Amino acid sequence: MKRKIAIYGTGMAGAMLASRLSGDFDVTVIAPTDYFEVPMAIPRLMVQPRYAEKAIVPIAEALPKARHVRGRLVELSPAGGQVAGDDGSQRMMTAEITVLATGSRFPGSFIRPSSGSIKQRKVSFYRLRSSLAAARRILIVGGGPVGVEVAGEIVETWPGRSVTIIQSGPRILAGTGQSAAAHATEFLTERGVRLLTGERIETPLPPDGYTAEPGEIRTASGKHITYDVMLCCIGGRPNTEYLRTHFSDRLDTEGRVRVTPELLVAGEKTVFALGDITDLKENKMAMHIAGQLDVAEANIRAIASGRAPSRIYKAKTANLLMAVTLGSRAGVIFAPPVGSLRLSWLIRKAKAETMLVPKYRKQLGLSA
Ligand SMILES: Cc1cc2nc3c(=O)[nH]c(=O)nc-3n(C[C@H](O)[C@H](O)[C@H](O)COP(=O)(O)OP(=O)(O)OC[C@H]3O[C@@H](n4cnc5c(N)ncnc54)[C@H](O)[C@@H]3O)c2cc1C
């Protein structure tokens, strides 16, 4: 009899782990959507929605050996996971080993919808592209990697378009090196992007973080900015509400799950947590999740064969390595201790040409 493993979330951590384990274990993945998507491709999909044919894959194709239960984990208790479907159905999931990989939610639902089918997701990118194509003035809220990459795609596709990025902190790309931020700033401003740093919006944001209804926002310093399309690209928060009732003591003040070096939820022997939801002190990036997957896989295999989990994960604290694209031909890689690498052929090959879609397709055993 194969051991039963329940994996909540089919993002970069959940789907990749399920792919590694589903040949040897009875794996059920639980997620509210019926697809896996490469998040790095999202800025490109906003201007080139056809690329979704590669970047978004049905779960049935990405994880043919796993069972998929469509729904959202709403409460985890010692008895198992209570899962709610979009149709109002509820079911209890039990397993010998549980993995929590429910990632982040964003104010901009175009970044991560909370439910929906692959068809709806693809259509949403075509709609977004038509709104952007028709807009004269585009306002991007948030100057982190997502906001900067989105701006890069827009100025490459529609040169001369009025684009404003508004950023509450003193500089864009706060999570990586200053020199990378300086390069991105120069690149974008040369192409007419207006960067408003140290500015907070006072007007309420649109409910799903996106609007194609023209409007105006006001900043705390009294500036008024008009727009035809507003895109909210502010950072994510962990999806961990389902732990509040029975395991609130395992959450830190930001709602992230406290994990042991073996990547078990603190105090648990068979419940793992991976990816963006963890309290690991590192940038929340897919790049770091690769190392977490090796540790979790080894420890799950150990537990399944009656051994103690012994592989240890060392968080990539203070590692500011990051590749930020500025359209399909440019960008910057911050690679400490060397600093910023701006060689266009390097950034093209490393990320900008494909937004890492072939890399992650291959990891799932799909053709590039
Ligand atoms: C636009 C964008 C670009 C990025 N670019 C890069 C990059 O270039 N390099 C890099 O290293 N990182 C990048 N990242 C960060 C990277 O994508 C994340 O760190 C990574 O996706 C986190 O993986 P995860 O599996 O923890 O969560 P996610 O990938 O967020 O997946 C979470 C999954 O859980 C599901 N879920 C949510 N709530 C529930 C629930 N209650 N029950 C069941 N399922 C649930 C979701 O539907 C989803 O399937 C980028 C992120 C974004 C948004």
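Reply: Happy to. In sorting residues by type, Ala, Val, Leu, Ile, Met, Phe, Trp, Tyr, Cys and Pro count as nonpolar, Asp, Glu, Lys and Arg as charged, and the others, Gly among them, as polar. This is a predicted model, where local features need pLDDT of at least 70, side-chain atom pairs count only at pLDDT 80 or more, and totals for chains, interfaces and linings use all residues. Residues are numbered from 1 along each chain as its sequence is written, and side-chain values use heavy atoms, with hydrogens and water left out.

The ligand is surrounded by 29 residues, the closest being A13, L73, R112, D276 and K351; a residue belongs here if one of its heavy atoms lies within 4 Å of the molecule. By type, the shell divides into 16 nonpolar, eight polar and five charged residues.

A backbone N or O atom of L73 sits 2.8 Å from a ligand nitrogen. On the oxygen side, a polar backbone atom of M285 is 3.5 Å from a ligand oxygen, while a backbone N or O atom of A286 lies 3.0 Å from an oxygen atom of the ligand. Taken alone, the ligand exposes 990 Å², and the protein buries 92% of that (Shrake-Rupley method, 1.4 Å probe).

Which elements give two or more residues to this shell? They are β2 (26-31), β6 (72-77) and α9 (286-304), with α9 giving the largest share, three residues. Helices (H or I, at least four residues) and strands (E, at least two) are DSSP runs, numbered from the N terminus.

Now to a loop residue. D228 lies between β16 (224-227) and β17 (229-232), and counts as buried because its relative accessibility is 12% (buried is under 20%, exposed over 50%, partly exposed in between; 1.4 Å probe, protein chains only). The side chain of D228 makes a polar contact with that of R137 at 2.6 Å, and a polar atom of the D228 side chain is 2.9 Å from the backbone nitrogen of R136. Beyond four places in sequence, the contacts of D228 (heavy atoms within 4.5 Å) include A135, T211 and P214.

Finally, the cysteines. The structure holds zero disulfides, a disulfide being a pair of cysteine sulfur atoms within 2.5 Å. The nearest cysteine sulfur to C232 is that of C233, 7.1 Å away, too far for a bond. C232 is buried, at 0% relative accessible area, and C233 is buried too, at 5%.

Key:
A polar contact is a pair of N or O atoms within 3.5 Å; within protein, one must be able to donate a hydrogen and the other to accept it, and residues adjacent in sequence count only if both atoms are side-chain atoms.
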